[in-house]
Structure formats: C-alpha cells, structure tokens
Amino acid sequence: MSLPSVLFLAFIIVQRLSELVIARRNTARLLARGAHEVGAAHYPVMVAMHSAWILCLIVFGLGQPVHLGWLALFAVLQVLRIWILTSLGGRWTTRIIILEEPLVARGPFKYVSHPNYMLVVAEIFVAPMVLGLFWIAFLFTVLNAAMLWVRIGVENKALAPMRAG
C-alpha cells in the first residue's frame with residue numbers, strides 16, 4: 001500500500017463526508033426559510049453514482065502511484081471548489097433547493113451558470129487520473145454526463161422564472 005494514495009483517497013473521503021454535513025445543514029436552513037426541493041427522484045441515483053466512483057477509487061486506487069501533474073491539477077480544482085462554496089455560502093447544497101430570492105451572481109457565478117457542475121465534471125475525471133485509473137475516469141465521466149443532463153435540465157426549468165425576472 002502506498003502512503004500517497006492512501007492520503008489522497010482519505011482526503012477525498014473526508015472532503016465528501018464534510019460536504020454532506022454542510023449540505024444537510026444548508027438544506028434544512030433553506031427549507032425552513034420556505035425553499036422547496038425539485039428533482040428529488042434522481043438524487044438517490046446521483047448519490048449511488050458518486051458513492052460507486054469513490055468505491056472504485058478505493059478498490060482500484062489503493063497502492064497505485066500518485067501522478068504529480070494530475071495531483072497539481074486536482075489541487076487547483078480544490079481552490080475553485082472553495083471559491084464556489086464560499087460564493088454560494090448557505091445556499092450551497094447537494095440537492096436542488098429553490099429559494100424564491102435572486103440567484104447568486106458573484107464569484108464564478110458571475111461568469112458561468114453552473115460552475116459547481118463544471119468542477120465536478122473535472123474532478124470525476126482528474127481524481128482517478130491522479131492514480132492512473134483512466135478507465136474509471138472515462139466510465140464515470142460518461143455516467144456523470146448522463147446524470148448532469150437530467151439534473152441541469154431539472155434545475156434550469158426550476159430556476160427559469162427567477163432568471164426571466
């Protein structure tokens with residue numbers, strides 16, 4: 001077993017678990033403020049896909065060498081992740097929670113509509129590449145693209161009235 005791969009995988013696991021805690025807290029607060037959820041039917045599929053991605057990283061990545069170039073790119077993505085999360089603040093969640101308030105238009109949201117999804121697309125590919133697992137990067141990029149096709153469609157439909165006004 002290689003210590004660098006163990007540390008990399010531990011980081012991903014701790015990060016994702018921490019984000020679930022933050023997301024649950026933010027979701028509860030948003031719902032208490034009168035927000036509502038859309039797209040709940042596809043959420044378990046998304047969770048299963050991301051869980052399978054992490055499980056594949058663990059099963060096939062433990063003991064693999066860490067490729068420093070890919071690791072550097074992954075580190076850059078984490079800086080972008082922090083920028084996205086801090087820009088959304090208490091409105092960041094893993095679910096599609098619609099709050100009848102103006103959309104966030106600061107940080108990366110000033111430039112693109114779905115920066116978090118763009119980040120996840122990159123992470124789904126880059127994290128396996130850190131461990132030299134191209135087939136996992138490719139497979140989950142395809143699965144994630146299908147998931148995002150559904151999710152972004154649902155989210156855009158729900159947010160359309162707020163973008164029009």
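Start with helix α3, residues 68–88. At 1.5 Å a residue, its 21 residues should span 30 Å, and the end C-alpha atoms lie 30 Å apart, so the two agree. Keep in mind that this is a predicted model.

Stay on α3 and colour its buried residues: Phe74, Leu77, Gln78, Arg81, Ile84, Leu85, Ser87 and Leu88. What covers them? Show α1 (3–32) and α4 (115–130), which are included in that cover. Glycine 89 follows, with a positive phi near 55°.

Next, select α1 and α3 together. Their axes come within 13 Å and cross at roughly 15°. That angle is under 35 degrees, so the two helices count as roughly parallel. The crossing of α1 past α3 is left-handed. Show side chains where they meet: Phe8, Phe11, Ile12, Gln15, Arg16 and Glu19 come from α1, and Leu71, Phe74, Gln78, Arg81 and Leu85 from α3.

Now for the largest nonpolar core, which has 31 residues. Pick out Phe8, Ile12, Trp53 and Leu57, the members with the most contacts inside this core. Helices α1, α2 (43–61), α3, α4 and α5 (134–164) each give two or more residues to the core. Which gives the most? Select α2, with seven residues.

Zoom in on leucine 57. Beyond its neighbours within four places in sequence, Leu57 is in contact with Leu9, Ile12, Leu62, Ala127, Pro128, Leu131, Leu133 and Ile136.

Last stop: a second, separate core of seven residues. Select Val38, Ile96, Ile98 and Leu148, which are among them.

Notes
Residues are numbered from 1 along each chain as its sequence is written. This is a predicted model: local features need pLDDT of at least 70, side-chain atom pairs count only at pLDDT 80 or more; totals for chains, interfaces and linings use all residues. Side-chain values use heavy atoms; hydrogens and water are left out. Helices (H or I, at least four residues) and strands (E, at least two) are DSSP runs, numbered from the N terminus. The expected span of a helix is 1.5 Å times one less than its number of residues. Buried means under 20% relative accessible area, exposed over 50%, partly exposed in between (1.4 Å probe, protein chains only). Contact means heavy atoms within 4.5 Å. A nonpolar core is a set of buried Ala, Val, Leu, Ile, Met, Phe, Trp, Tyr and Cys residues joined through side-chain atoms within 4.5 Å. Axes are lines fitted to C-alpha atoms, for helices over the stretch in contact, and angles run from 0 to 180 degrees between N-to-C directions. Angles under 35 degrees count as roughly parallel, over 145 as roughly antiparallel, 65 to 115 as roughly perpendicular and the rest as oblique. A crossing is left-handed if the near helix is turned anticlockwise from the far one by less than a right angle, and right-handed if clockwise.
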